[in-house]
Amino acid sequence: MTMKKIGKYISLYWREIVSVMRNEYREIFSDPGVMLVIIFAIFIYSTLYSLGYGNEVLRNVPIAVIDNSKTSSSRMLVESFGSGPNAYVAYEASDMEEAKRLFFDHKIYGVVYIPESYEKDLIGGTQANVSIYCDASYFLVYRQVFQDIVASISTAGAMVEFQRLVASGVNAPQAKAAIQPVIYQSHNLFNPYLGYGTFIMPAIIMVIFQQTALIGIGMIGGTWREYNLYKRLVPAGRDRLSTIPTVAGKALAYISIYLVTSVYVLTVHYRLFNYPTNGRLIDCMAVIIPYLLACIFLGIAVSTLFKHRENSLLWLLWTSIPVILLSGASLPKEAFPEWMYMLGRILPSSPAVEAYIRVQTMGATFDEVAPQIANLWQLVFIYGGLSIIGMHLVLNKEYANRTKARLQKGMDKLGKLGKSLKIQKPKAKRAQ
Amino acid sequence: MRNFIKGTYATFKREIGRIRSSKTYIATLIILPLIAFLFFAAFFQKGVAQNLPIAVLDEDHSDLSRKVTSMVDQTPAALVAFEIQDMEEGIRMMREGRIYAILQIPEDFEKRILGGGQANVEFYNSGANISVNSLLAKDVQTAVTTFTIGVELQMLQAKGMNAAQAMALAMPIRFSTHVLFNPYVNYGYYVAPCFMAMMLMIFTVLSSVYAMGTELKNSTAKEWLDTGNGSMLAALSGKMIPITSVMLIIAVAMYVIIFNIVGAPLNGSAIVIALSTLIFIISYQCIGIFVLALTDNMRLALSFGGGYSVLAFTFSGLTFPTMAMSAPLQWFSHLFPFTYYMKIFVDQAMRGAPVGESLPDMAYMMLFCIPAILMINRLKRECTYKKYWGKS
């Protein structure tokens, strides 16, 4: 092949890429349904979900106390329940029935029962019993209320023990050591206040990128086939679009859009909602770029299966929930079967969610997420290959259909010509 | 009335034919829900996360430090998978995703305890996944507290007390915890119903919009209306009944998974849950009708309907309680039947609330049918005039 010929091919390919890209942009930006999915969905969902989780943690959960002791000791205990940030005593119920009613009315989420003998037991040197009824029907509520009440009771107990020891003649420092030989301290890393948004939003944002790309690219892919756009774009003097420039043109159009939206999320959105940005931007991009490419190629590959505009949404919207679950971001991978975790690795979202949370929330560096990044690049090549194969088949089929139609047209014309010339078919001889 | 029933029946029969002849219709209505719920059945089989890997930084290397380590290791949640040499190594392993937490037992741990002083145990728990965090926090704290009380009792007994006296002194206030309704505090109990009901809702909305939308797109809307004897209501009922029925069957599968595989309790009224499920399905079908009539464009209606459905997730209050949200967002959460449905589910299945507690919520869900009813005339116009057809 001469240099001139190669140059000609390159320029032809380039022109095809540009024409496919231009057409893809036109399709996206002239269609509110597609724009809603590919562009606005990211803004809408990341903002509304984050607003929903805006307060991040739950504070001041109302509880009720049934104080049958009505003594100064029990008073002190009741008052200490409200001293933590998580719970406060909203009602003093007279009996369990009343507490139950308050509970079913969603007025309280926990009940503490202090028996009549409370003070007597404490003074008498025996054990006093306190019962805690804690609503576990809402996850966060349970954790918060339970923590505060148990902490209050332990503190009150430690004080009683300390007084008793001192009264029996032990000196104060010894008594202190005796009541608490081990000081246990728990530190929460990376998400110190255990914010719910900080926990779940990075995963949701990542999954939104993938799901909108799959559905949006599928919509346009369906449109191309439904409206026969592949035919309109055939360059002059050629039979059909070339496969690789078509895939490349589409991919370039989408990657340009998703780079803009992802940078928005990483900068503006993260700052707006104060999510942790412990990772370096360059390490984030090292995860996000192969992730977006893998999503887009997967989108193009899948889109070659859709013959109608609406199909992608019908077939793919529901997958968002299994996709989140498989990423292991909601329930950890230890909570579901290992084969499902492995299966999840064929989705770009799974390694990406894992790597992204570790980089952005936990401050991991490139080397620490290298296996996930390698996994993403594998997927880029696998789905890139599949999208080329899929597109090749679609273009071939479309070309074959067109040829068939043209042939049919030619035959029809020939038939008409024959009729006008009054050429009659020789009568077939009957065999039988 | 006779005409209405006849029209409904005729449309119903026509719809069955339409379902059988369209691959996409069968997929949205039957095959994809089947795959989705098989997925959930497999996913939730394992139950609570156990043996979450953590590392121990034992700087004491004593009998007591090993005792603490093994007590932590024996809890259901934690698995001591690694012994590390310094904190840096531990943090790196966390970032590599190999461990979730680090237990640090400092030097002189045993010496201090035996010398009658105070020793420290530090637990560094990753907050990146709060469901893992709270499982570990609870179990490790329990293990260390048990260890502490054990030490305390031994020391008090060494001072000449008997076991009962020592116990009363060590724990003057004993508390008995009654965890209501979710004995294992299983995060799956919250996540599973929430995700599966979302799925049911997505399929309901999509198949409803698709069933009507294809009539407009393929210009068969007039034929549909005529099959219902010109009554939009009859035409709609005939079209919706097959979808309602299939979704109800799917809901049964969903509850089998929730109660039998995930193992959530059923403390309240099964009838209220069943009725609410029916209302839930119908309310989302009505939302489908409303969106389609509003846009007279199937694909736009699918985008809007699907988008609206998915939005409900955050605002259901099941994983993150609504009471922690700001006032405007609490108000916003009332725009989804899903919120009421989840409240009914928690009240009935878990809390065992009296039936009367759930009746208002059922009534609220029914209110979501009103926009659809108001759209019936518009929909009839769209079915009658050609200018509304063929959009995509």
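Strand β5 (residues 182-189) of chain A and strand β4 (residues 119-126) of chain B run parallel and are joined by eight bridges; two strands count as paired if DSSP finds at least two bridges between them. Helices (H or I, at least four residues) and strands (E, at least two) are DSSP runs, numbered from the N terminus. If you want one pair to look for, A:Ser186 has B:Phe123 as its bridge partner in β4(B).

A word on what you are viewing: this is a predicted model, in which local features need pLDDT of at least 70 and side-chain atom pairs count only at pLDDT 80 or more, while totals for chains, interfaces and linings use all residues. Residues are numbered from 1 along each chain as its sequence is written, and chains are lettered from A and ligands numbered from 1 in the order in which they are written.

Now step back to the whole contact between the chains. It takes 86 residues from chain A and 101 residues from chain B, where two residues are in contact if their C-beta atoms, placed from the backbone, lie within 7 Å. On the side of chain B that touches chain A, helix α6 (residues 130-158) of chain B gives the most, with 14 residues. That side has 59 nonpolar, 32 polar and ten charged residues; here Ala, Val, Leu, Ile, Met, Phe, Trp, Tyr, Cys and Pro count as nonpolar, Asp, Glu, Lys and Arg as charged, and the others, Gly among them, as polar.

Each chain has its own domains, with bounds from an automatic or database domain assignment. In chain A these are domain 1 (3-53 + 195-408) and domain 2 (61-179), with 54 Å between their centres, taken over C-alpha atoms. Chain B is divided into domain 1 (2-45 + 191-388) and domain 2 (52-170), and their centres, again over C-alpha atoms, are 50 Å apart.

Let's finish with helix α15 (residues 349-361) of chain A. Its 13 residues reach 17 Å from first C-alpha to last, close to the 18 Å expected at 1.5 Å a residue; the expected span is 1.5 Å times one less than the number of residues. Why is α15(A) described as largely enclosed by the rest of the structure? The reason is that 13 of its 13 residues are buried, that is, 20 or more other C-beta atoms lie within 10 Å of their own, with C-beta atoms placed from the backbone. Just after α15(A), A:Gly363 takes a positive phi of about 75°.

Note on methods. Buried ≥ 20, exposed ≤ 12 C-beta atoms within 10 Å, placed from the backbone.
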